[in-house]
Amino acid sequence: SDIIHVVAPKLAEVEIQAAACKKLIASYTIVFKAFASSVGTRNLVELRLLPISGCIFAGSFLPVLPIMTATAVDQALLDLSGDPAVIDRLKQTTINMCIFDEAEQDDYQKAFTRRGDQGITSCHTGMPTDAANSCRLPFVRRFSE
């Protein structure tokens, strides 16, 4: 399996939400670019993400991290719209946001739904048993033309 390891920006060290969101946008942009560069050469069709800067890294932003995450993902994709090669590769991809804490699933689902994402569907609710699929997928975001 291929892994893109992201060392989360420490949002706990940031006081202004807009500045924290910029850090998330930059992080998701890097992830999408790195993944897109692998799609063509490795035949990858799925990207599983964790919320960047979750848990202890979120600091005071933890309660609003779901909406910040949805906003950052959308803005990162918008920022990449000027790079047709990256967007074309991502359009061949299913992007899953993996939420381990069941208590956070509804918040993330609502955040991405509020952002107006299309193609959001419920996925399995139980934790898969195999290590290759060891995350919950509260929604699937598919790119469309």
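# A chat about a predicted model

Student: Which side chains does Arg48 meet in a salt bridge?

Tutor: The side chain of Arg48 meets that of Glu46, with 3.6 Å from N to O. A salt bridge here is a side-chain nitrogen of Lys or Arg within 4 Å of a carboxyl oxygen of Asp or Glu. Side chains of opposite charge can pair when their charged atoms come close.

Student: Before we go on, what kind of model is this?

Tutor: This is a predicted model, where local features need pLDDT of at least 70, side-chain atom pairs count only at pLDDT 80 or more, and totals for chains, interfaces and linings use all residues. Residues are numbered from 1 along each chain as its sequence is written, and side-chain values use heavy atoms, leaving out hydrogens and water.

Student: Ok, how many salt bridges does the structure hold?

Tutor: It holds one salt bridge.

Student: How many bridges join β1 to β2?

Tutor: Four bridges, and the two strands run parallel. Two strands pair if DSSP finds at least two bridges between them. Leu47, for instance, has Ile95 in β2 as its bridge partner.

Student: Zooming out, how many helices and strands are there?

Tutor: The protein has four helices and three strands, in the order α-β-α-α-β-α-β along the sequence. Helices (H or I, at least four residues) and strands (E, at least two) are DSSP runs, numbered from the N terminus.

Student: What about the nonpolar core, how many residues has the largest one?

Tutor: It has 36 residues, and Leu24, Tyr28, Phe32 and Leu49 have the most contacts inside it. The elements giving two or more residues to this core are α1 (17-42), β1 (46-49), α2, α3 (84-90), β2 (94-97) and α4 (102-114). The largest share, ten residues, comes from α1. A nonpolar core is a set of buried Ala, Val, Leu, Ile, Met, Phe, Trp, Tyr and Cys residues joined through side-chain atoms within 4.5 Å.

Student: Which residues does Phe32 touch?

Tutor: Not counting residues up to four places away in sequence, its contacts include Leu47, Leu49, Val73 and Ile95. Contact means heavy atoms within 4.5 Å.

Student: Switching to Thr69, where is that one found?

Tutor: Thr69 is in helix α2 (residues 65-79). Thr69 counts as buried because its relative accessibility is 0%. Leaving aside neighbours within four places in sequence, Thr69 is in contact with Tyr28, Pro51, Met97, Tyr108 and Phe112.

Student: One last thing, what is the phi of Ser53?

Tutor: Ser53 has a positive phi of about 70 degrees although it is not a glycine. Cys55 has a positive phi as well, about 55 degrees, and is not a glycine either. Ser53 lies in the loop between β1 and α2, and Cys55 is in the loop between β1 and α2 too.

Student: Is Cys55 buried or exposed?

Tutor: Cys55 counts as exposed because its relative accessibility is 61%, whereas Ser53, at 2%, counts as buried.

Note on methods. Buried < 20%, exposed > 50% of the residue type's maximum accessible area, 1.4 Å probe, protein only.
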